[in-house]
Amino acid sequence: MSELESPGRAPANIREKTADKSAEKSGKRGDTRARLMEAAERLFGERGLHAVTLKEINAAAGQRNESALHYHFGSKARLVDAILNTRVAAIDRVRVQRVEALVGSGREGDIAEILRATFEPLTGLLDTEEGVRFVRFAAQVLNDPDHDLPTVAIKSGFEGINRANGLIMAALGDLPPEIAIQRQRLLVEMVLTSLAIWTRRPDAMTNDAARSFFVSSLFDAMAGALTAPVSEETLAALRETLKD
């Protein structure tokens, strides 16, 4: 008996058409999900997380079905997480390469080089509209009371972030760990806020010289913030917090 005649089995041409339709549906689902994430990222970046409704995101993504966002993400919080995870994963792949190159060159103790390897994958986002869109979105997440982005970044499971954090902590070995961790938080806040403010400039994507100066100054400020001497006032305040 030939394949076409086998009982209980669809002919090959029908199976191929079915497979094509399944792939097409899967592709459409992926396209819809991507459009929803892109629309949400843009709207959140422009107006904040709580000022944007799910209905507005659906409309901006060209979805007439108002349940599309709920179907793909379940809630606004999960949508935010999905955008963060997707974007940060892509950025972190670049960071892993930078950290590996740094260690391979024997410069893993140079704080300026560590900061470049850690944060240039972020500052490089200023070169594209897509990158600017994410920078604005991330700054809104940073300022949202329902999210603790610095802690997420420091304690994330992303390889590049974890390895970079380890290098920073090792380079700051003379500091009390509580101060080293707090300074890392300040770095995340400083970088994301500074980048988002920069994107408001009308020439942010066209004035290469000004952007280069801004980014270079930002790295100088980061290095200074990390390596600044700890004052007696700060040490005394830290001792008070450790009494609790």
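This is a predicted model: local features need pLDDT of at least 70, side-chain atom pairs count only at pLDDT 80 or more; totals for chains, interfaces and linings use all residues.

Me: Which hand does the crossing of α9 and α10 have?
Reply: Residues are numbered from 1 along each chain as its sequence is written, and side-chain values use heavy atoms, leaving out hydrogens and water. Helices are DSSP runs of H or I with at least four residues, numbered from the N terminus, and a crossing is left-handed if the near helix is turned anticlockwise from the far one by less than a right angle, right-handed if clockwise. For α9 and α10 the crossing is right-handed.

Me: How do α9 and α10 run relative to each other, and what is the class make-up of their contact?
Reply: Their axes (lines fitted to C-alpha atoms over the stretch in contact, with angles from 0 to 180 degrees between N-to-C directions) lie 10 Å apart at about 165°. Angles under 35 degrees count as roughly parallel, over 145 as roughly antiparallel, 65 to 115 as roughly perpendicular and the rest as oblique, so α9 and α10 are roughly antiparallel. Contact means heavy atoms within 4.5 Å, and among the residues making it are L187 and W198 of α9 with F214 and L218 of α10. By class (Ala, Val, Leu, Ile, Met, Phe, Trp, Tyr, Cys and Pro nonpolar; Asp, Glu, Lys and Arg charged; the others, Gly among them, polar), the contact has 12 nonpolar, two polar and two charged residues.

Me: Which term describes the orientation of α5 to α10?
Reply: α5 and α10 pack with axes 10 Å apart at about 130°. That angle therefore makes α5 oblique to α10.

Me: What class make-up does the contact of α5 with α10 have?
Reply: Residues of α5 including L115 and F119 meet residues of α10 including F219 and M222. They divide into nine nonpolar, three polar and two charged.

Me: Which residues of α9 does α8 meet?
Reply: The axes of α8 (159-171) and α9 (177-198) come within 10 Å and cross at roughly 130°. From α8, the partners are N165, I168 and M169. In α9 they meet P177, A180, I181 and Q184.

Me: Which helix gives the largest share of the lining of the largest pocket?
Reply: This pocket has a volume of about 500 Å³, and the residues closest to its centre include V88 and I161. α4, α5, α6, α7, α8 and α9 each supply at least two lining residues. The largest share, six residues, comes from α4.

Methods
On a 1 Å grid over the protein atoms alone, a cavity is a set of points where a 1.4 Å probe fits but cannot get out, and a pocket is an open set with protein on both sides within 12 Å along at least five of seven lines; lining residues have an atom within 4 Å of a point. Grid points are joined across faces, edges and corners, and a volume is the space filled by probe spheres set on the points.
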